[in-house]
Amino acid sequence: MFINGQWIQAKDQKEFSVLNPANGNVISRVPDGGEIEAGMAVTAAGEALPIWSSQTAYQRSAFLYEVHTLMMGNLEHLAQTMTQEQGKPIQAARNEVKYGADFFLWFAEEAKRIYGRTIPSSRGDQRFLVAKQPVGVVAAITPWNYPISMIARKVAPALAAGCTLVLKPAEATPLCAVEIFKLLERAGLPKGVANLVTALDPAPVGQVFMTDKRIAKLTFTGSTKIGKLLARGAIVQMKRVSLELGGHAPFIVCKDADPVHAAKGLSLVKFLNTGQACISPNRIYVHSTMKALFLKELKEKVVQMIPGNGMTPGVKIGPLVNAAAIEKVDNQVKDALHHGASLVIGGFRIMDKGLDKGYFYAPTILDHVIPKMRIYREETFGPVVPVISYEDEDDLLKMANDTDYGLAAYVYTKAYSTAMKFFEGLNFGIIGINDINPTSAAAPFGGMKMSGIGREGSFEGIEEYLETKLGGFSLNA
Ligand code: ADP
């Protein structure tokens, strides 16, 4: 753990193992922190706040530029660490490191653009001045599926805004966090400005984050269930919260779209990170007349996807994160089959080709999916494509919006008017129109409804770490 500028063990010397999900091997052990260490980290962040927040924006920016440079210089090492503890194929890990580094670059720039404003008053002797100030000490909790970019998306804007922070990464992927903190240290992080607490049981640390009065803001990426729990706790002290939660993205192939092009797009986005992404397409709506061609094309792509250890060249599908993830996906598939879905391909845990020690699930396509199946309603965090056919395009908006989630949605169409109709009518925070990668450090990422509160990236991403302060100045002193 990295607390107050020092690498430390847990007070009671406890540690936990980090496993490689591709083969179950122990890669490393890390300190198992809890309430005590979280408290120490909050103290350090609190003491560092006046120093860090009073640095100039240019100084904070220079620091963030340096982190970006170091991340790019250590890209291969970071990517390999990620593939080993999280499982994604090495090229995908490299892409993620670049994406993560982009946030440091972007917020190095945004740090210098934290503008206030003046507002004309109706009184001649009065002036209004609006200033932006850092919210204070930030507590951050990140997930395992994107173990570097999800950290970068919070740490970079928080530091750019002048906040100090305590991070608790996911218990499955603490090593990526450790590597990022090594780079923060090398970039010259003043002590206490960013602190890292690793823990096998997240609850005691989460409890400190919700109840310690010195924490002004809680930022979380993970499941809707835990997001709600943390938000409920944080609201007691009226802490600021940003939440990036689950998703259940519709992927709509309109009647005028090219089904071959759409199937190719889906195959590229759906199996990214083995489907373990909150923006992964989870409900695939295809017009009945083009479904056969769409499925044929998709199946051809799926057949070519080689599952395996992400370090092996050519591997396209990494493992799921753990045994529970396999079970959840398998149960959703079984439930769908039980209720009348048909299996186009896949539908089983891979136990041959030396993959039995890892958590591999075959890329799966289900046809004839209907609303009463669990997979239609629940987030699917795995490599499963549930296909739903439709007849009438007028019903599509209603069907796509019929979910508690509101993160990402994808639409394939050639008509401008249809594209605009869906862009305006879909209740989701991110809409890809003929586009499977509508994400960037420069673009606001976040969801509506149960998918969360707030945005990450873009200028909205730094706003999340700022308070607005109004000054009314009377000239009659
Ligand atoms: P998933 O089910 O995909 O792992 P979670 O929401 O459980 O998603 O995990 C996301 C992050 O939330 C991880 O860092 C995890 O340790 C953390 N987390 C889980 N439960 C709690 C909790 N009770 N308090 C604080 N953090 C938690």
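Modeller: Helices (H or I, at least four residues) and strands (E, at least two) are DSSP runs, numbered from the N terminus. This is a predicted model, in which local features need pLDDT of at least 70, side-chain atom pairs count only at pLDDT 80 or more, and totals for chains, interfaces and linings use all residues. Residues are numbered from 1 along each chain as its sequence is written, and side-chain values use heavy atoms, with hydrogens and water left out.

Colleague: How do you know what span to expect of H6, residues 174–186?

Modeller: The expected span of a helix is 1.5 Å times one less than its number of residues. H6 has 13 residues, for which 18 Å is expected; from first C-alpha to last it reaches 19 Å, close to that value.

Colleague: Why is H6 called largely enclosed by the rest of the structure?

Modeller: Buried means under 20% relative accessible area, exposed over 50%, and partly exposed in between (1.4 Å probe, protein chains only). In H6, 10 of the 13 residues are buried, so the helix is largely enclosed. Among them are Pro 174, Cys 176, Glu 179 and Phe 181.

Colleague: What makes Tyr 465 buried or exposed?

Modeller: Its relative accessibility is 2%, so Tyr 465 counts as buried. Tyr 465 sits in the loop between helix H15 (460–463) and strand E22 (466–474). Between Tyr 465 and Ala 160 there are 8.9 Å in space, C-alpha to C-alpha, and 305 residues in sequence.

Colleague: What makes the phi of Gln 13 worth a remark?

Modeller: Most residues other than glycine have a negative phi. Gln 13 is not a glycine, yet its phi is positive, about 65 degrees. Gln 13 belongs to the loop between strand E2 (6–7) and strand E3 (15–19), and counts as exposed because its relative accessibility is 54%.

Colleague: What is the phi of Lys 353, and why is Lys 353 called exposed?

Modeller: Lys 353, a residue other than glycine, has a positive phi near 55 degrees. Lys 353 lies in the loop between strand E14 (342–345) and strand E15 (364–367). With a relative accessible area of 67%, Lys 353 is therefore exposed.

Colleague: Why does Asp 394 count as exposed, and where is Asp 394 found?

Modeller: The relative accessibility of Asp 394 is 62%, so Asp 394 counts as exposed. Asp 394 is in the loop between strand E16 (384–390) and helix H13 (396–401).
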